[in-house]
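Please look over the sequence and the model before reading on.

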Amino acid sequence: FFSSPATMSKLSSDAVREAIKVIFSESKDKKRKFRETVELQIGLKAYDPQKDKRFSGTVKLPRIPRPNMTVCILGDAQHCEEAEKNSLPSMAVEDLKKLNKNKKLIKKLAKKYHAFMASEALIKQIPRLLGPGLNKAGKFPSLITHQEKMVEKVDELKSTVKFQLKKALCLATAVGHVEMSEQELFANINVSVNFLVSLLKKNWQNVKTLHIKTTMGKVQRVF
């Protein structure tokens, strides 16, 4: 959907498909005991993180890149019940109070899950109950309302990837895994790359290199 000629033209579909074939066959040759993630690595150029605006953006991919990503619901009674029904981990206000603003315990909580969602009644209380711990870890909860279906909302969160420029001129994000079909991974890479390019000041002129690799595999250059 980001298909204006200026942003689309540079990524060669053939190069991406070829790289996907290579990483998939390597992964099949050396079967691991876990599901390998496919990562997109981006090198930027003509960008100065000190002076230029540090961008940050999220995009929803067509397929879930990390199925084993864990999301914890910080919920009111109704949401905790719904989480339990759907076998999702959850914590109520009382559970959060028990952490007693202990930095070590909050750090441990932030490490335990990939992401958090919170009910409206709770989200406002997070800073008071937990201090800045989740925020520092880059895991401040996203909001979930009672009008939304929890499982769909969790899947949407699992499908979303974030691009954020910090101090270094390289970025990396999970765009899929080796149990996807080649077409599914191709679609995810395409959406990710075109979204990232749309965030850059000079679009493709800021892209130095693009690589994809599996967790344990060799790097494959696609641009």
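## Basis and overall fold

The model is predicted, so that local features need pLDDT of at least 70 and side-chain atom pairs count only at pLDDT 80 or more, whereas totals for chains, interfaces and linings use all residues. Residues are numbered from 1 along each chain as its sequence is written, and side-chain values use heavy atoms, with hydrogens and water left out.

The protein contains ten helices and ten strands, these being DSSP runs numbered from the N terminus (helices H or I, at least four residues; strands E, at least two). Its C-alpha trace spans about 55 × 45 × 35 Å along the principal axes. Of the 223 residues, 44% are buried, where buried means under 20% relative accessible area, exposed over 50% and partly exposed in between (1.4 Å probe, protein chains only).

## The largest pocket

A pocket is here an open set of points on a 1 Å grid over the protein atoms alone, where a 1.4 Å probe fits, with protein on both sides within 12 Å along at least five of seven lines; its lining residues have an atom within 4 Å of a point. Grid points are joined across faces, edges and corners, and a volume is the space filled by probe spheres set on the points. The largest pocket has a volume of about 1000 Å³. It is lined by 34 residues, of which R66, G138, T160, V161 and K162 are the closest to its centre.

Two or more lining residues come from each of β1 (37-44), β5 (115-119), β6 (142-144), α9 (150-159), β7 (160-164), β8 (170-177) and β9 (207-214). By class, the lining of the largest pocket comprises 15 nonpolar, eleven polar and eight charged residues, with Ala, Val, Leu, Ile, Met, Phe, Trp, Tyr, Cys and Pro counted as nonpolar, Asp, Glu, Lys and Arg as charged, and the others, Gly among them, as polar.

## The second largest pocket

The second largest pocket has a volume of about 250 Å³, and its lining includes K101, K103, L130, P132 and K136. Both α5 (103-112) and α8 (133-136) supply at least two residues of this lining, and α5 gives the most, with five residues. The lining of the second largest pocket divides into five nonpolar, two polar and five charged residues.

## A buried lysine

K139 lies in the loop between α8 and β6. This residue is buried yet has no salt bridge, and the nearest side chain of opposite charge, that of E39, is 15 Å away; a salt bridge would require a side-chain nitrogen of Lys or Arg within 4 Å of a carboxyl oxygen of Asp or Glu. A polar atom of the K139 side chain does, however, lie 2.8 Å from the backbone oxygen of Y113.

Most residues other than glycine have a negative phi. K101, which is not a glycine, has a positive phi of about 55°; K101 is found in the loop between α4 (93-98) and α5, and is partly exposed at 47% relative accessibility. N203, also a residue other than glycine, has a positive phi near 50°. N203 belongs to the loop between α10 (182-199) and β9, and counts as partly exposed at 26% relative accessibility.

V222 is located in the segment after β10 (220-221) and is buried, with a relative accessible area of 7%. V222 and W204 are 18 residues apart in sequence, with their C-alpha atoms 14 Å apart in space.

Definitions and conventions: Lys and Arg count as positive and Asp and Glu as negative; His and the chain ends are not counted. A polar contact is a pair of N or O atoms within 3.5 Å; within protein, one must be able to donate a hydrogen and the other to accept it, and residues adjacent in sequence count only if both atoms are side-chain atoms.
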